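Please keep the sequence and the 3D view open while reading.

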Amino acid sequence: MKFDVQAMAPDAFQAWLSAQAQPAAPALSVAEPTLRQGARLFQQACAQCHTVRGTSAAGTQGPDLTHVGSRLSLAAGVLPNNVGALAGWIAGSQHIKPGNPMPSFDQLPGEDLRAVAHYLESLK
């Protein structure tokens, strides 16, 4: 398993630690229908396994995705963290990392897949 490590001054680390303890702060704007669609789809397809603190998503089988948008990588360091990689992971997790516990959601239409990926990227 690969991890990214960042050295921080103690004050900066405490600020980061405090921010990580907070609920998600998605960039959900009333004017941003893609993020609203992504949040809705996430609740339907992902929330039974994943938690996003501050939302009704309270799954316990998958990783806590509360601040997934602020992470440097995905899938234990296999992928960089960006919208394209998020969408690729959602659609083809078994192709990217065979045997991991997450099923591939390759049946999602492209628009829905991008919406969920944009929503996850907004979780900072």
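Lys-124 forms a salt bridge with Glu-121, and their closest N and O atoms lie 3.2 Å apart; a salt bridge here is a side-chain nitrogen of Lys or Arg within 4 Å of a carboxyl oxygen of Asp or Glu. The model is predicted, so local features need pLDDT of at least 70 and side-chain atom pairs count only at pLDDT 80 or more, while totals for chains, interfaces and linings use all residues. Residues are numbered from 1 along each chain as its sequence is written, and side-chain values use heavy atoms, with hydrogens and water left out.

**Salt bridges**

- Side chains of opposite charge can pair when their charged atoms come close.
- A search of the whole structure finds 2 salt bridges, and one of them joins Asp-64 to Arg-53, with 3.3 Å between the closest N and O atoms.
- This pair links distant parts of the chain, 11 residues apart, with both Asp-64 and Arg-53 in the loop between helix H2 (33–45) and strand E1 (73–74); helices (H or I, at least four residues) and strands (E, at least two) are DSSP runs, numbered from the N terminus.
- Asp-64 counts as partly exposed at 30% relative accessibility, and Arg-53 counts as partly exposed at 29%, where buried means under 20% relative accessible area, exposed over 50%, and partly exposed in between (1.4 Å probe, protein chains only).

**The largest pocket**

- Lining the largest pocket are 45 residues, among which Val-68, Arg-71, Ser-73, Leu-74 and Ala-75 lie nearest its centre.
- On a 1 Å grid over the protein atoms alone, a pocket is an open set of points with protein on both sides within 12 Å along at least five of seven lines, a cavity is a set of points where a 1.4 Å probe fits but cannot get out, and lining residues have an atom within 4 Å of a point.
- Helix H1 (10–20), H2, E1 and helix H3 (83–96) are the elements that give two or more residues to this lining, and H1 provides the largest share, 4 residues.
- By class, the lining of the largest pocket has 26 nonpolar, 12 polar and 7 charged residues; Ala, Val, Leu, Ile, Met, Phe, Trp, Tyr, Cys and Pro count as nonpolar, Asp, Glu, Lys and Arg as charged, and the others, Gly among them, as polar.

**Loop residues with positive phi**

- Ala-75 has a phi near 55°, a positive value in a residue other than glycine, and Ala-75 lies in the loop between E1 and strand E2 (79–80).
- Ala-76 also has a positive phi, about 60°, although it is not a glycine, and its place is in the loop between E1 and E2.
- Ala-75 is buried, with a relative accessible area of 17%, whereas Ala-76 counts as partly exposed at 26% relative accessibility.

- Leu-123 is placed in the segment after helix H4 (110–122), and Leu-123 is buried, with a relative accessible area of 0%.
- Leu-123 and Val-52 are 71 residues apart in sequence, yet they are 8.7 Å apart in space, C-alpha to C-alpha.
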